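Here is a short tour for anyone meeting this structure for the first time. Have a look around, then read on.

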Amino acid sequence: TARKASGSLLHGRRNRLILQEKKNRGKSYGYINDHHYCSRYHYKSRQIKRKEKAEGAPYNIALILPFMTDRPLDTRSTLYTEFYQGFLLAADSMKRAGMSLNIYAIDTRGNHQYVKSQLDSLVDKDLDLIIGPVEDDDISSVAQFAKKHDINMVNPFAVKNIEAERNDKVFQCNIPHENLYTQSREKIIEEINGRYVVFIIDDSGKENSKNSYLDLIKKSLLQQERDFVEISLGQDPYMETFSEMVPNATDIMFLTNASSRSSVGKVLAPLSKLKEEKPYLNISLYGYPEWQLYTKEYINQFHQLNTTFFSRFYTLPTDSASMEIQDRFLFWFHRDMLPANPQHVLLGYDTGLFFMTALQQFGRCFDREIQTLAYPGIQTGYHFQRINNWSGFNNNNIYFIRFKPSLEIVRETITE
């Protein structure tokens, strides 16, 4: 059964949000709480006759998620509930900006047939947006429903689902794996410039999926007739040979195939020693999304070695907007967020704020204009591009997380 969102939250008293327009170099920015913004670029929309929203009518949004209300609460269902609660916090912000909303929560109960039966109850809701579901079978059925009724549908969870490639109503929020690695690789190659490039290879015998990633970077360097050095940790675990021959006052970029906690540790130890022995070296180290999980353990070495890794999501530890959302969550729901990576309350908030902003600015047919909207995010940023003429959209926003020797952490947004 469809359930409407809590009216008390949507009419809450705290944290009034103000949207204001600023002009800057031909772009207009709608600032949100002075923290994050969606930037709107000039873009010519496709002229297609479609059903528009009547002026002043509320926007109707359905979230179809596995809340599992028919069984005892567990961690998984709690996380999806937190996503919904984060979405409600974003809705509260948008209502304070003058947006009228009806939000319906649909429980999938982990049952595909049940999901299909629930779609019938949504026909008369005049939906403008669907968020979810999670499982591939459910996504396929809901996507067909969305296409039939001209409703934009958001897939915020499934990474490997390909529905967006064949359905023009679907928005894939997680950048596909291949795109993530292609964009990051191109950015790294761009940042090499005149630096001395060293590949540190953990060849401990385990199959390593990062080797092919590094091979493409090596290929690019060879095409540019650029020299590079490769170090085998199996042959020189302490990098003593390299330490003896490294040129002085050199700007060095270290790239590695290390992705596991132990493998990263094997790379950091000799590099930290090298930096201590030769502090004049300008060292930078590049890693992978998995490194985010090891930040607490290795943060000192990350800063010491000017470390950068890329990721689909990241929340800056001192971000005031993130702290504000945590405070609002505690105020409304009387508990702290579950520890998770990514944090589902923030994921729900970012997803809600971006797509409700799209509805508010462009109407229910916002897919015609969505490529003009960019959102850097509190935890997850969004910038969508249509995959091809008959497809839906992929998010192409990724982050480069940079741990500076000054102890500053910088999150840089990278889009195609």
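## A histidine in helix H9

His303 is buried, with a relative accessible area of 6%; buried means under 20%, exposed over 50% and partly exposed in between, using a 1.4 Å probe and protein chains only. You'll find His303 in helix H9, which covers residues 295-304. Helices here are DSSP runs of H or I with at least four residues, strands are runs of E with at least two, and both are numbered from the N terminus.

What does His303 touch, once neighbours within four places in sequence are left aside? The partners are Phe403, Lys404, Pro405, Leu407, Glu408 and Ile409, where contact means heavy atoms within 4.5 Å. Take Ile409: it sits 106 residues from His303 in sequence, yet the two C-alpha atoms are 8.5 Å apart in space.

## Where the model comes from

This is a predicted model, in which local features need pLDDT of at least 70 and side-chain atom pairs count only at pLDDT 80 or more, while totals for chains, interfaces and linings use all residues. Residues are numbered from 1 along each chain as its sequence is written, and side-chain values use heavy atoms, with hydrogens and water left out.

## The whole chain

Stepping back, the chain holds 11 helices and 19 strands. Of its 416 residues, 57% count as buried. The chain exposes about 19200 Å², and carbon and sulfur atoms supply 48% of that; the areas come from the Shrake-Rupley method with a 1.4 Å probe, and for residues only the protein chains shown count as cover.

How much of the contact pattern links residues 24 or more positions apart? Among contacts with a separation of 6 or more, such pairs account for 68%.

Leu65 belongs to strand S5, residues 59-65. Buried or exposed, which is Leu65? Leu65 counts as buried because its relative accessibility is 0%.

Not counting residues up to four places away in sequence, Leu65 touches Tyr80, Phe83, Ile106, Asp107, Thr108, Gly132, Val134 and Phe157. As for Tyr84, 19 residues along the chain from Leu65, the C-alpha atoms of the two are separated by 8.5 Å.

## Two helices that cross

Two packed helices are described by the angle between their axes and the distance between the axes. For helix H2 (residues 75-96) and helix H10 (residues 320-333), the axes come within 11 Å and cross at roughly 105 degrees. Axes are lines fitted to C-alpha atoms, for helices over the stretch in contact, and the angles run from 0 to 180 degrees between N-to-C directions. That makes H2 roughly perpendicular to H10: the label covers 65 to 115 degrees, with under 35 roughly parallel, over 145 roughly antiparallel and the rest oblique.

From H2, the contact uses Glu82, Gln85, Leu89, Asp92 and Ser93, and from H10 it uses Ile325, Arg328, Phe329, Trp332 and Phe333. Sorted by type, the residues of this contact are 5 nonpolar, 2 polar and 3 charged. Here Ala, Val, Leu, Ile, Met, Phe, Trp, Tyr, Cys and Pro count as nonpolar, Asp, Glu, Lys and Arg as charged, and the others, Gly among them, as polar.

Most residues other than glycine have a negative phi, and most peptide bonds are trans. Now for some exceptions. The peptide bond from Gly132 to Pro133 is cis, with omega near 0 degrees, and Pro133 lies in the loop between strand S7 (129-131) and helix H4 (136-148). Another cis bond runs from Asn341 to Pro342, with omega near 5 degrees; Pro342 is in the loop between H10 and helix H11 (344-362).

Arg109 isn't a glycine, but its phi is positive, near 55 degrees. Arg109 is in the loop between strand S6 (101-107) and helix H3 (112-122), and at 31% relative accessibility it counts as partly exposed. Leu407, also not a glycine, has a positive phi of about 75 degrees. Leu407 sits in the loop between strands S18 (398-403) and S19 (409-414) and counts as exposed, at 63% relative accessibility.

## Cysteines

How many disulfides does a search of the whole structure find? The search finds 0, a disulfide being a pair of cysteine sulfur atoms within 2.5 Å. Cys173 counts as buried at 4% relative accessibility, and Cys365 counts as buried at 1%.
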